[in-house]
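Dear colleague,

Please find below the structure I am handing over to you, followed by a summary of what was found in it.

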Amino acid sequence: MSTQERTYIMIKPDGVQRNLIGKIIARFEERGYKLIALKLVHATPEHLEKHYADLKGKAFFPGLIKYMASGPVVAMVWQGLDAVKTGRVMLGATNPLQSPVGSIRGDYCLAVGRNICHGSDSVESAEKEIALWFPEGVVQYTHIQEPWVLEDN
Ligand code: GDP
Ligand code: MG
């Protein structure tokens, strides 16, 4: 559990079209995470197939790629204490119907194939996804809130 842990969080095309960008970003900001990369990108199917390589072969894979390529996504990297695991808790379960109220999916969506957001599932996949979406690198800076959010600064 590192204060420097980084996770790749993405607002999917339905989250963008449903005007949820600000609300989703606000949750990570307000929790105390630090935004270290951000861009709006309309990804190609080839790029998305790399992102979801582990799911190739699943029956829903072609539909997933079509959905994810249907419009722009917001690609982000958030840094802070336990960012990967806590980021997933903030998103909720893969199936929104199993997501607790109070989580992003539990509050804003219903269908597994329209679940508005993505979050890395391990530190290893986070690093892979950050490299895939941000080959240009992330931004290093000191955030003024850090000593108020993290201990031992
Ligand atoms: P995640 O890590 O919670 O996003 O879930 P996975 O990595 O297992 O799956 C990636 C994405 O594929 C999910 O967020 C869903 O959008 C989609 N997905 C997963 N399982 C299903 C399914 O059974 N049906 C459909 N239509 N989509 C699915
Ligand atoms: Mg996943």
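Two rings of Phe, Tyr or Trp count as a pair if their centres lie within 6.5 Å. By this criterion, Phe-28, Tyr-33 and Trp-78 are linked by ring pairs into a cluster. Please note that the model is a predicted one.

Across the whole structure, three aromatic pairs were found. One of them joins Tyr-8 and Trp-133, which are stacked with 5.5 Å between the centres and 15° between the planes. This pair connects distant parts of the chain, since Tyr-8 lies in strand 1 and Trp-133 in helix 7, 125 residues apart. Tyr-8 is buried, at a relative accessible area of 0%, and Trp-133 is likewise buried, at 2%. The pair of Phe-28 and Trp-78 is stacked because the planes are at 25°, with the ring centres 5.5 Å apart. Here helix 2, which holds Phe-28, is linked to strand 3, which holds Trp-78, over 50 residues. Both Phe-28 and Trp-78 are buried.

The unreviewed UniProt entry places an "active site" feature at His-118. This residue is located in strand 4 and counts as buried because its relative accessibility is 9%, under the limit of 20%. Among the residues that His-118 touches are Tyr-8, His-51, Tyr-52, Arg-105 and Glu-129.

The largest pocket holds about 690 Å³ of space. It is lined by 27 residues, and His-118 is among those closest to its centre, together with Tyr-52, Leu-55, Phe-60 and Leu-64. Helix 7 gives the largest share of the lining, four residues. By class, the lining comprises nine nonpolar, nine polar and nine charged residues.

With kind regards

Note on methods:
Residues numbered from 1 in each chain as written. Chains lettered and ligands numbered in written order. Predicted model: local features only at pLDDT ≥ 70, side-chain atom pairs only at ≥ 80, totals over all residues. Heavy atoms only, no water. UniProt positions renumbered as here; feature names shortened; annotations may be inferred. Helix = DSSP H or I, 4+ residues; strand = E, 2+ residues; numbered from the N terminus. Buried < 20%, exposed > 50% of the residue type's maximum accessible area, 1.4 Å probe, protein only. Contact = heavy atoms within 4.5 Å. 1 Å grid on protein atoms, 1.4 Å probe; cavity = no way out; pocket = protein on both sides within 12 Å on 5 of 7 lines; lining within 4 Å. Points joined across faces, edges and corners; volume = space filled by probe spheres on them. Nonpolar A, V, L, I, M, F, W, Y, C, P; charged D, E, K, R; others polar. Phe/Tyr/Trp six-rings, centres within 6.5 Å; stacked < 30°, edge-to-face > 60°. Lists of a residue's contacts leave out its neighbours within four places in sequence.
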